[in-house]
Amino acid sequence: MKLDSKIPEGPLAQKWTNAKFNYKLVNPANKRRYSVIVVGSGLAGGAAAATLGELGYNVKCFCYQDSPRRAHSIAAQGGINAAKNYQNDGDSIFRLFYDTIKGGDFRSREANVYRLAEVSVDIIDQCVASGVPFAREYGGMLANRSFGGAQVSRTFYARGQTGQQLLLGAYQSLSRQIALGQVKMYNRHEMLDVVKVDGVAKGIITRNMVTGKIDRWAADVVVLATGGYSTVYFLSTNAAGCNVTAAWRAHKRGAGFANPCFTQIHPTCIPQEGEHQSKLTLMSESLRNDGRVWVPKKAEDCAKNPNDIPEDARDYFLERKYPSFGNLAPRDISSRAAKEVCDEGRGVGAAIAGVRRGVYLDFADSIKRLGKNVIAERYGNLFDMYENITGENAYERPMRIYPAPHYTMGGLWVDYNLMTTVPGLFAAGEANYSDHGANRLGASALMQGLADGYFVLPYTISNYLATIPLGQAGKIDPNGPDFEEAENNVRSMTDKMMSIKGKTSPRSVHIELGKIMWDNCGMARSKESLTDAIARIGQLRERFWNDVCIPGEADNINIELERAGRVADHLEFAELMCYDALDRDESCGGHFRLEHQTEDGEAVRHDDQYGHVSVWEFNGVGKAPVKHIEPLEYENVQLGVRSYK
Amino acid sequence: MSAKTLNLTLRVWRQKKPEAAGQFVTYKIDKISPDSSFLEMMDLLNEQLIEQGDEPVAFDHDCREGICGMCSMTINGVPHGKNRLQTTCQLHMRSFSDGDTITIEPFRAKPFPVMRDLVVDRTPLDSIIQSGGYITQRVGSAEDANAVPISKTIADKAMDAAACIGCGACVAVCPNASAMLFTSAKMSQLNMLPQGKPEKDRRALHMVQAMDDNGFGNCTNIGECEAACPVGISLDFIAMMNRDYAVAKVKKIFSGAA
Ligand SMILES: Cc1cc2nc3c(=O)[nH]c(=O)nc-3n(C[C@H](O)[C@H](O)[C@H](O)COP(=O)(O)OP(=O)(O)OC[C@H]3O[C@@H](n4cnc5c(N)ncnc54)[C@H](O)[C@@H]3O)c2cc1C
Ligand code: FES
């Protein structure tokens, strides 16, 4: 596996401009001859498909939901960052770049992050032009909020539904291209393999989730924008259908997987209530702007009504430990601090397996200062959501929150052009690893999804397509042996799963896998826990393949077959995550190795040994993967210890 | 955190294929926590069915937090159940009592054929958006986002309309299977904003035409759609749409263009 990051020449601020100038172009009249497959219709895929269609390419877009508008991006609440500096508070492209690199604990590639900050300003313009109803001030200008660890107000939002509005903006542009015939949309189609012809990605295999039909699709280039893999933990803030299948099967076809152990555990989620639970719900991080996080100082107070616990018996642990950032400390740091106090026995809420896992997020002071109406205007929908799920009124009693798996920084390795290690296979959005290092800042995933989809891929894909001779464009034969082999691969996996007819439901295996991962490869990891996890995942996988039960037929809607395929991939992928976490013998960002911490529990990085991207090559199921390294070179920022004290 | 669990009887619509006949099948399910969501109860039903060697009930869902619009069950005769301002996935079992019988069907509307059990085809809603529910604008050509001020009142109103999650409950509850609430929400959002004005008339004519072409019925001002809408889209938008459509129609008659 060769890792060439293809970082363009020139000073940081000139790299993207230089790259764009040097990219090859496809003659407008010839664009329709080139075909593009985009898997995924979220912010990254939806924006890419719409834009590539608009440019004149012949695009096919796939998603597993019944409509492209339902991609998981729709659930993002808080907002999207952009270095507009509309608030005149000292923001700039360089500051957004710097915050993102630092927030990522110095594990991302400078050139990519700078480009992200650079195009962030265009994203907001694009969204407004396409009708996204961002929040505005009375004077008619766009409103901003400060968000998740930023000391400037650079986050644009549309109530608590920013992801929805951004996605619908992209979906509308996509719909327009569908109507024009530039994009053909395939809903309820699940991609199950990537097809390589002579080592180059030239198509995919899908299963029609309504009829069960397995189809071959050929194209000159394939883009995966299939989202993140937080559902490896079973319980996460992601949609129930999110999965690693597309990325994992691409990995098995040779796409390197970068930093899979970098996962983000979000501090403000509604705690787990019981064993029946199927997902955890995020409470937007913006709540931390006005809420104060605390637990009782003494364990014996934990079962009391919080309103009866006097001020001096409360431990506002974030404010205590991080006086300058307080309740706005970055996600990884806040999550870990919450885990620590719960581990000490000072958590609140229902005890699950003997431990109370929850901390208070208290709005009483803000309500006193600003009035209930202001709080209701800011967070009303979140308070309603909380009440609906827990049955508790957060205006009167502090919310209970606990960290939950939320976002995955790791993903398919890509070069500067967003191409994976498989030529012709690109990865965008949460599915790639590119911009967030070991920890992502709030409101930066929406930014990255749209940056990749609207502003990066349209250039880099054109550049790639321009290398394919016109005579070969769109002339891939889906009847060739490589397509045949990939189709057979998909069929045999389906047949095998269907034929087991055992006793174990796919969901129960998923729950068990989730527990292994949360306990052993979650907020705190160690050599011991990871070694244990690898062994147990192997056993669980064996049980799955000997005893899984999938009722019904493969040629109909079959929800258990869909689930089983995804669980099967998670069972292989989880092992890779643990190998990566085991190999990364340092703490950084969301990856906290118990062996590497200071006396007061802060993460200790080892830049000399791990200042690199770990890129894994598939080496067979159950076999240790092969590690490759992309060294990270910092020319524009000084590596430092993140301090939020 | 309620302690008592629920024992329930479920009457669930089972239908193997679009063309197959369907029927209600009755299942018993016990020990459901009142804190679990309706879909978690369905998960447990499916686990029980798998254990008994039966096929699980197919249903659509994804985000499970009321925003993607994918879940679509008719519960005791009402799309998304009787609680106002909630989707099926937001409904929690504390809304039911021990011993209840719950009837669970797919969304019922002619333009939404049943595909299996509780899964229906709602792609006609996508067709309506494709007919004009967008702003024609090229990526990369936009002016600065603050170049055109938009009053807070308009921005807020546009957001009220834009909140639609496209679940189709409005269609399913309407005796005419009208998609007026859905269509008017998108049309009003875009027609209200300065960026959407240049295409206003065209959008109105095309989207109304698309509703007819996709087999949705007419609106006879029953208003059930507003009551069933999980995000509270207002009937006012239907009035706005009617106005925009009438204006566009008149302009078309006089100019012959739109
Ligand atoms: C609850 C929540 C709140 C969030 N809030 C914020 C926020 O405020 N700000 C922020 O910046 N970020 C936020 N995020 C993160 C952000 O929403 C996501 O990282 C981002 O939207 C991912 O976009 P995407 O386009 O990469 O993937 P997605 O939107 O997940 O789209 C994936 C697409 O791929 C398709 N797909 C997947 N697998 C297959 C397959 N095998 N075959 C066919 N199709 C497939 C799906 O159908 C879907 O269309 C939040 C995330 C969550 C979970
Ligand atoms: S599952 Fe997304 S709205 Fe119900």
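## Ground rules

Two strands count as paired if DSSP finds at least two bridges between them. Helices (H or I, at least four residues) and strands (E, at least two) are DSSP runs, numbered from the N terminus. This is a predicted model, where local features need pLDDT of at least 70 and side-chain atom pairs count only at pLDDT 80 or more, while totals for chains, interfaces and linings use all residues. Residues are numbered from 1 along each chain as its sequence is written, chains are lettered from A and ligands numbered from 1 in the order in which they are written, and side-chain values use heavy atoms, with hydrogens and water left out.

## A sheet in chain A

Let's start with an open, antiparallel sheet of 4 strands in chain A, ordered 18-10-20-21. Strand 18 (411-412) and strand 21 (626-631) of chain A sit at its edges with a single partner strand each, so one side of each has no neighbour in the sheet.

Further in, strand 10 (residues 257-258) and strand 20 (residues 612-617) of chain A run antiparallel and are joined by 2 bridges. Ala258(A) has Val615(A) of strand 20 as its bridge partner. Helix 15 (residues 559-583) of chain A packs on this sheet, touching strand 10, strand 20 and strand 21 of chain A; contact here means heavy atoms within 4.5 Å. The direction of helix 15 makes about 145° with that of strand 20 of chain A. For such angles, axes are lines fitted to C-alpha atoms (for helices, over the stretch in contact), and values run from 0 to 180 degrees between N-to-C directions.

## Chain B overall

Chain B has 8 helices and 7 strands, and its C-alpha trace spans about 65 × 40 × 35 Å along the principal axes. Of its 258 residues, 59% count as buried, meaning under 20% relative accessible area (1.4 Å probe, protein chains only). Among the contacts in chain B with a separation of 6 or more, 69% link residues 24 or more positions apart.

## The chain B sheet

Here 5 strands make an open sheet with mixed pairing, in the order 2-1-5-3-4 (chain B). Strand 2 (23-32) and strand 4 (78-79) of chain B are the edge strands, each with a single partner strand, so one side of each goes without a neighbour in the sheet.

Strand 1 (residues 6-14) of chain B pairs with strand 2 of chain B over 8 bridges, in the antiparallel sense; Leu8(B) stands opposite Ile29(B) of strand 2. Helix 1 (residues 38-51) of chain B packs on the sheet, touching strand 1, strand 2, strand 3 (73-75) and strand 5 (101-106) of chain B. Its direction makes about 105° with that of strand 2 of chain B.

Conventions
Buried < 20%, exposed > 50% of the residue type's maximum accessible area, 1.4 Å probe, protein only.
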